[in-house]
Amino acid sequence: MTSSDPRTTPDRCPGALTLHQAADGALARVRLPGGLVDPSHMQVLAKAAGDLGNGSMQLTSRGNIQFRGVRDSTELARRLADAGMLPSPSHERVRNILASPLTGRVNGVTDVRTLITALDRGLCACADLVDLPGRTLFALDDGRGDVTALDPDFGVQALSPASFALILGGADTGVRVDRDSVVDVLVDAARIFVSLRGTEWRLTELADGPARVLATLGLDSSGYDPTTTAPLATRPSDTPPVGWLSQGDGLVALGGVLALGVLDARLAEFLAAIDKPLVVTPWRGIVVCDLDEGAAEQVVRVLAPMGLIFDADSPWVNLSACTGAPGCEKSNADVRGDLRDAVAAGRNLADQREHWSGCERRCGRPKGEIVNVVATGAGYRVS
């Protein structure tokens, strides 16, 4: 093997079977394609957090969840597998699929939920994708532009129920694909990336990556002129679904955020008990779907005091932080504790997006315009 062979550089991206050893213990990450969680799965996750972890879960910017301080990784894997949450042990880290969280319920050009399931199966069925980096990101945007804004490596955005724009490296390629071809095109694009990459983890790190993948796919974008073609619809990546959301079928979805994306096991059990579909969003929030108005009012009354925030004006809508000390040995401060203290002290943080980091790596920093607050060991620097 040469030094450019990606197999010589271990993929340290954690999964449910390959854990990361952090300062506060083992960290496991469970992929939730499209952020979709049925109530029975949420119950399994809640019980595992209490029995095997630190009593809570972290929601990630890819709509996945993390356990920290895992004490029995074998038992965690067994529970996930028994629940059907590990359909392919060999591919479990590559199932990073974002989808518009409100698709099929609130607005959007088309419902992409069936594409989530089909893409997940397509990824797991392709043997070549075992070597796809765990950082690779797929996105299925229902036309509103919310997950395209998160710069997926491979994605589509709906232009109509039957036609989709192909997204590579977060940008419109100009290629249009029909609905029936979406999964095959995305799987093939990812397979080509695997064959082309050296030590690159993301498509945009590969020199001319999107153009090379497109050429190998044999898809023609020569007629595409971004200066004259109407741009795709976009939705700012800093506007998560929060509050009371009226569904097209007359029911209600409730969008909530969690302070620092931390979901307590007890709150997770209450979410499971609602017995309605749940969606974990890329903004570290949760949407409770398909409620009638009376049930929605009851959910707000019960879950808001438990920490699920339904107020779009809450400062926690715009605040995020890395793990910080003591969970990360590289951190210069307990950034989460300091941020909580700042919010409790009434600091006006509601009108700006801020990400607090324990060091210059700025792990977990969201996409888009944001104020960075970085711990230096001698206080915080704002940039």
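Let us start with a helix. Helix H8 itself covers residues 335–344, and its buried residues are Val335, Arg336, Gly337, Leu339, Ala342 and Val343. Just after H8 comes Gly346, with a positive phi of about 85 degrees. Please keep in mind that this is a predicted model.

In the loop between E17 and H8 you will find Pro326. The peptide bond that joins Ala325 and Pro326 is cis, with omega at about 5 degrees. For background, most peptide bonds are trans, and most residues other than glycine have a negative phi.

Asn107, which is not a glycine, has a phi near 60 degrees. Where is Asn107? It lies in the loop between strand E6 (97–99) and helix H3 (113–125). Asn107 is exposed, because its relative accessible area of 66% is over the 50% cut-off.

The other residue is Asp275, again not a glycine, with a phi near 65 degrees. Asp275 sits in the loop between helix H6 (265–274) and strand E14 (278–280). At 55% relative accessible area, Asp275 counts as exposed.

Now the cysteines. How many disulfides does the structure hold? The count is 0. Cys363 is in no disulfide, since the nearest cysteine sulfur, that of Cys359, is 5.8 Å away, and a disulfide needs the sulfur atoms within 2.5 Å. Is Cys363 buried, exposed or partly exposed? It is partly exposed, with a relative accessible area of 39%. Cys289, by contrast, counts as buried at 1% relative accessibility.

Finally, the chain as a whole. Its secondary structure comes to 8 helices and 20 strands. A compact globule of 383 residues would have a radius of gyration near 21 Å, and the chain agrees with that at 20 Å. The C-alpha trace spans about 55 × 55 × 45 Å along its principal axes. Of the 383 residues, 53% are buried. Among contacts between residues at least 6 apart in sequence, 62% join residues at least 24 apart.

As for the surface, the accessible area is about 16100 Å², and carbon and sulfur atoms account for 50% of it. The chain carries 38 positive and 47 negative side chains, and the centres of these two sets are 5 Å apart.

Terms used. Residues numbered from 1 in each chain as written. Predicted model: local features only at pLDDT ≥ 70, side-chain atom pairs only at ≥ 80, totals over all residues. Heavy atoms only, no water. Buried < 20%, exposed > 50% of the residue type's maximum accessible area, 1.4 Å probe, protein only. Helix = DSSP H or I, 4+ residues; strand = E, 2+ residues; numbered from the N terminus. Rg over C-alpha atoms; globule rule 2.2 N^0.38 Å. Contact = heavy atoms within 4.5 Å. Areas by Shrake-Rupley, 256 points an atom, 1.4 Å probe, with all protein chains shown as cover. Lys, Arg positive; Asp, Glu negative; His and termini not counted. Charge placed at Lys NZ, Arg CZ, Asp CG, Glu CD.
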